[in-house]
Amino acid sequence: MGALIGLILGLGYCVMRTWGVPVAVVASVVLLGGCASIHNEPVNRPLAANASAVPDSGREVSSYEDELLLALSFSGGGTRAAAFSHGVLTEMDTTRLRGRSGPTSLLDRVDFVSGVSGGAITAAYFGLKKRAALDDFRERFLLRDAEEGLRTNLSILNVSRALAGGVNDSTGFTRWLDQNLFEGATFAEFRADRRPRIWINAADIYNRTTFVFGATAFSAMCSDLSSYPLADAVAASAAVPVVFAPVVIQNFSGSCNRPLPDWIVRARADPAAAPMLKAFANAIGRYHDGSIRFVKLLDGGLVDNYGLSGFTIARLSSNTPYGPLTQRQAVKLRRVLAMVVDAGRGLSGDWTQTVEGPSGPELVVAAADTAIDASVRASYTAFDRTMLEWQNALVRWRCSLSADQRTRLGAPANWRCADIKIFVTRLGFDQLGPQRAAELDKIKTSFKLSPDEVDAVIAAGRDALRANQTYRTFLSSM
């Protein structure tokens, strides 16, 4: 698909240089693209008239209490991202933690999984099937050709379709995902009281911010999240620009009585609010006031290829030292592990060795990669800093509690207020040595890989986790 994107976006250069097509033909294609419209029809439904309000919608935080909070974030990168994250989950399942009823798998303690594009496929399937997902994900998805029903060839017709909104609508890919993986499952399968919470991330290309398929956005639009198909959400998260037309969500605002969450109102009114929080809150506000009738979504990697925005916003939106947790959760918490599983693209191309280049298509791809890499570095830095500040705020708050407050909130007799540690780490190909990283980076970020490539990336995920020093330190601290 990468060649197709580069070809279409570098249209003026590529069509004439690569195919030798006359200018008149190119002009005809452009005109043809302006006459037709490739688009997706929305599939979301309005809330029932008697639907009850969602308490504190937008917090998206689990109701259970535990001393451990484990959050995973799976990057975009096609099947290789899905395979890398699958390898990490497989390795996690070999780790046992002591529990009151005996040893338990670390995999069973995962609280949150955030996924983007290829990583969203692993996240959604794991959320749906839990440990059983490890048994058949390789055969049901990783070894399959998920592009078999898509238009991916280089042709004048596909250039025309791209100019009309996208080479493919989302129906073919969505149908393939549903038939092969999700089997009609909707967000109703992801109950708030059951591990793990799953966040599927797309990009709202009008508001230029992350769109998380969750209660916040859907409540603001008076739309029913529970009936929304997982396959459609994952397809939106993986909707590469030009290859796919945007996925469309219809706004039913005004048809229900759902007020904006307080933290959205505060963020919109605060001129000093963090830009990430401000952009997200403004988008939710526009959904709620009906100024946007249809939300248009593309690949989540356009704004945050690590899928960290949801975690960062959850903390930035809080006006308490323990938020987004409850007081009882914050008192019981001892260890947090936040792990980014990064299978993004490495450096590519040989045009730095000559005066000429990059070509038109190469330039477009290089510019997109530059923007995405800059975005993920910024999002990871913001997340890391936010988590460190949260840890310090938690310690100060916990140590200020009186004996009566500690008892009321369920602190055990041997409780230590400063005994809380947040670990943040990233797993990537570059951590496996330069030679192996170079070989892994040669693997395409498409949705079609050979069995050898799939197994190489799965093994890389297992090895990267096993060798990660922060992960080992976290385990020893438990």
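Between which two helices does the loop that holds C222 lie? Select C222 and the stretch around it: the residue sits in the loop between α9 (215–220) and α10 (230–237), where helices (H or I, at least four residues) and strands (E, at least two) are DSSP runs, numbered from the N terminus. This is a predicted model, in which local features need pLDDT of at least 70, side-chain atom pairs count only at pLDDT 80 or more, and totals for chains, interfaces and linings use all residues. Residues are numbered from 1 along each chain as its sequence is written, and side-chain values use heavy atoms, with hydrogens and water left out.

The phi of C222 is near 55°, a positive value in a residue other than glycine. C222 is also buried, at a relative accessible area of 2% (buried means under 20% relative accessible area, exposed over 50%, partly exposed in between, with a 1.4 Å probe and protein chains only).

V242, although not a glycine, has a positive phi of about 75°, and with 16% relative accessibility it counts as buried.

Then select G323 and P324, whose connecting peptide bond is cis, with omega near 15°; P324 belongs to the loop between α14 (309–316) and α15 (327–332).

Finish at R398, in helix α16 (residues 360–399). The side chain of R398 reaches the backbone oxygen of C417 at 2.9 Å. Leaving aside neighbours within four places in sequence, R398 is in contact (heavy atoms within 4.5 Å) with several residues, including A330, V331, W415 and I420.

Definitions and conventions:
Polar contact = N/O pair within 3.5 Å; in protein donor to acceptor, adjacent residues only side chain to side chain.
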